[in-house]
Amino acid sequence: MMSLVTSRSRAAIIAVFLGALAAFPLFGQEFYTELVTRVMILSIFAISLDLLVGYTGLVSFGHAAWFGMGGYVFALLGTKYQLTDSLWLTLPAAMLVTAAAAFLVGLFVLRTRGMFFIMVTLAFAQIFYFFFHDIKALGGSSDGMNLRGKPDTRIGGWVPFELTDPNTLYYFVLVLMAALLLAMALLLRSPLGRALQGIRENEHRMEAIGFPVFRYKLAAFTIAGAFGGLAGYLFAVLNGSVNPEMLSWHQSADVLLMLILGGMGQLWGGPIGAFTFVLLQELLSSYSKLWHLWLGIAIVLIVLFLPGGMFSLFDRVKRLRQGRAA
Amino acid sequence: MDLALILIQTLNAVQYGLLLFLVASGLTLIFGVMGVINLAHGSFYMMGAYLAFTLTALTGNLLLAIVIGVVLSAVLGALLEWALFSHLYRRNHLQQVLLTYGLILIFEELRSVLVGNEVYSVKVPDWLNFSVPLGSVMTYPAYRLFMSGVCLVLALGLYLLIERTLVGARIRAGSSNRGMVQLLGINIDWLYRLVFALGVALAAFAGMLNAPASSVSPGMGTQVLIVSFVVVIVGGIGSVWGALLASLLVAFADTFGKVFVPDYAGIAIYVVMAAILLWRPEGLFKS
């Protein structure tokens with residue numbers, strides 16, 4: 001899918017969806033407002049990974065590194081070193097730091113391909129996991145850190161909004177998610193976006209016709225890192241805490257799962273996947289203490305019988321119907 | 001730092017490196033021959049440790065427990081290959097990663113249901129429960145020397161199997177050209193099943209052998225898996241020789257990292273990995 005809006009009906013669906021999200025806190029209880037805030041944050045996380053996996057064909061298994069790092073930048077600046085709590089400083093800082101780290105890591109990992117890339121990204125994410133698990137100056141501890149508060153939104157003496165209010169935080173995240181979706185739609189139409197999708201289809205051909213493939217991939221890796229950092233920042237703000245598990249490889253696997261569930265290389269794949277994943281998690285864990293077991297079995301069955309993800313189910317049904325009609 | 005301590009740490013590093021090799025060689029073989037990335041490999045290691053604990057408690061004999069455990073693991077490996085992995089050979093890496101991640105979740109939850117989440121220990125057999133004097137003041141546990149010896153014998157056996165036997169020749173041929181091997185009338189399905197069972201048995205064996213030397217704990221599978229990944233990355237995917245060299249390299253970095261820079265010990269092996277990748281992006285021995 002090349003653009004956000006390819007038809008009038010699609011535009012209508014998107015408008016209804018965003019409208020429903022915008023109206024949601026007006027009816028819901030605080031618990032559900034928080035739940036949907038979490039889903040939207042995970043959507044941002046999944047969209048950022050989709051730029052790599054879905055659009056550039058780079059299966060990163062270490063995306064949680066940027067997620068955790070983004071959260072820790074806020075925790076370190078605000079709580080641990082008490083330099084600033086300002087939203088206007090800490091949020092750009094989180095994105096800049098994760099972008100810089102992703103750039104550096106990208107220099108290493110993008111020299112590898114395929115299977116190697118999967119394992120090397122996992123290994124590099126593990127380095128950062130150890131940073132925040134072991135190094136005291138970085139708040140290292142297996143328990144993580146409780147934040148001293150939400151980001152401060154003051155500009156001079158003026159307070160445009162208060163993130164301590166769950167509804168305000170909800171809308172703040174919603175606006176960011178919508179902005180990211182729009183930015184992605186524009187990016188994918190831009191020369192960079194087209195080049196990335198070309199790389200996904202055939203890297204060698206792109207190289208042969210003169211594209212600086214490595215630089216393009218590095219750009220994608222850096223951008224994805226920055227938005228992964230944004231998601232982690234918001235996640236930390238929502239939870240009021242950070243811990244090394246944000247960087248664990250389970251987190252990296254979970255976000256990959258979301259993409260698979262929602263559909264890779266599709267603008268709305270991230271949000272749909274995040275929503276499905278959280279819903280599944282809530283449902284399974286409310287029915288059974290063994291929800292990991294059921295999740296594991298579900299994954300195995302999906303891979304074996306539905307290799308194209310949940311969305312291929314619709315296609316299959318469609319094809320089956322058409323086959324009968326013909 | 002005195003010489004005796006260096007000697008002891010060197011022995012520790014060699015022992016850890018050889019143990020790591022048993023796990024990583026299975027991982028690299030399964031990838032090299034079948035092209036499958038197996039995230040659940042660490043779970044087989046963990047399963048081995050828990051089998052050692054359970055079977056030793058039942059039989060009262062560690063060696064007997066290991067023999068039974070190895071057979072059970074190999075059978076389980078062959079069954080898993082038949083039921084799940086054989087469907088993955090032509091799939092993309094992402095699907096392999098996902099399915100084997102699903103397996104990890106299943107293994108972890110089953111372990112927590114069947115044996116619980118406590119940390120267990122397994123007793124060293126009486127006849128190995130003594131220390132060997134090293135020089136005049138230091139001693140070294142005999143069981144650790146025994147482990148090194150067993151791992152060394154297995155490493156040698158693996159080398160002979162792959163380089164000197166007909167089965168090994170077929171495995172090597174299968175890794176470079178599946179179609180050709182099939183055309184020659186060799187039953188590639190059973191060859192793969194054999195390699196897979198061997199990989200699982202090696203990982204489980206490593207877990208069983210190590211159980212008396214350290215504790216048996218829930219997180220052990222993940223830990224060893226990620227270190228094995230580093231070994232495979234450093235050694236070069238599919239290369240058994242690379243795996244041996246890289247296992248020792250990683251083990252030395254880890255062991256001496258803990259001595260010299262204890263705060264950063266967790267990172268030492270990744271620094272080695274990054275340095276090697278800068279130099280050779282496809283590992284030491286690209287296959």
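How many helices and strands make up the secondary structure of chain A?

## Chain A on its own

This is a predicted model. Chain A has 13 helices and two strands. Its C-alpha trace spans about 65 × 50 × 40 Å along the principal axes.

A compact globule of 326 residues would have a radius of gyration near 20 Å, and chain A agrees, because its own value is 20 Å. Of the 326 residues in chain A, 53% count as buried. Take the contacts in chain A with a separation of 6 or more: 75% of them come from residues 24 or more positions apart.

## Where the chains meet

Chain B brings 44 residues to the contact, and chain A brings 42 residues. Between them the two chains bury about 3,800 Å². Carbon and sulfur atoms carry 84% of that area. Three residues stand out on the chain B side: B:Leu94, B:Leu98 and B:Tyr101. They supply 16% of the area that chain B buries against chain A, more than any other three residues.

## Polar links across the interface

Salt bridges between chain B and chain A number zero. Polar contacts do occur: five residue pairs make them across the interface, with both residues at pLDDT 80 or more.

## The chain B side

Which elements of chain B give two or more residues to the side that touches chain A? They are helix 4 (93-114), helix 9 (220-235) and helix 11 (265-279). Helix 4 of chain B gives the most, with 16 residues.

By residue type, this side of chain B divides into 31 nonpolar, nine polar and four charged residues.

Conventions. Residues are numbered from 1 along each chain as its sequence is written. Chains are lettered from A and ligands numbered from 1 in the order in which they are written. This is a predicted model: local features need pLDDT of at least 70, side-chain atom pairs count only at pLDDT 80 or more; totals for chains, interfaces and linings use all residues. Side-chain values use heavy atoms; hydrogens and water are left out. Contact means heavy atoms within 4.5 Å. Buried area is the accessible area (1.4 Å probe) that two parts lose on being put together, summed over both. A salt bridge is a side-chain nitrogen of Lys or Arg within 4 Å of a carboxyl oxygen of Asp or Glu. A polar contact is a pair of N or O atoms within 3.5 Å; within protein, one must be able to donate a hydrogen and the other to accept it, and residues adjacent in sequence count only if both atoms are side-chain atoms. Helices (H or I, at least four residues) and strands (E, at least two) are DSSP runs, numbered from the N terminus. Ala, Val, Leu, Ile, Met, Phe, Trp, Tyr, Cys and Pro count as nonpolar, Asp, Glu, Lys and Arg as charged, and the others, Gly among them, as polar. The radius of gyration is taken over C-alpha atoms; the globule rule is 2.2 Å times the number of residues to the power 0.38. Buried means under 20% relative accessible area, exposed over 50%, partly exposed in between (1.4 Å probe, protein chains only).
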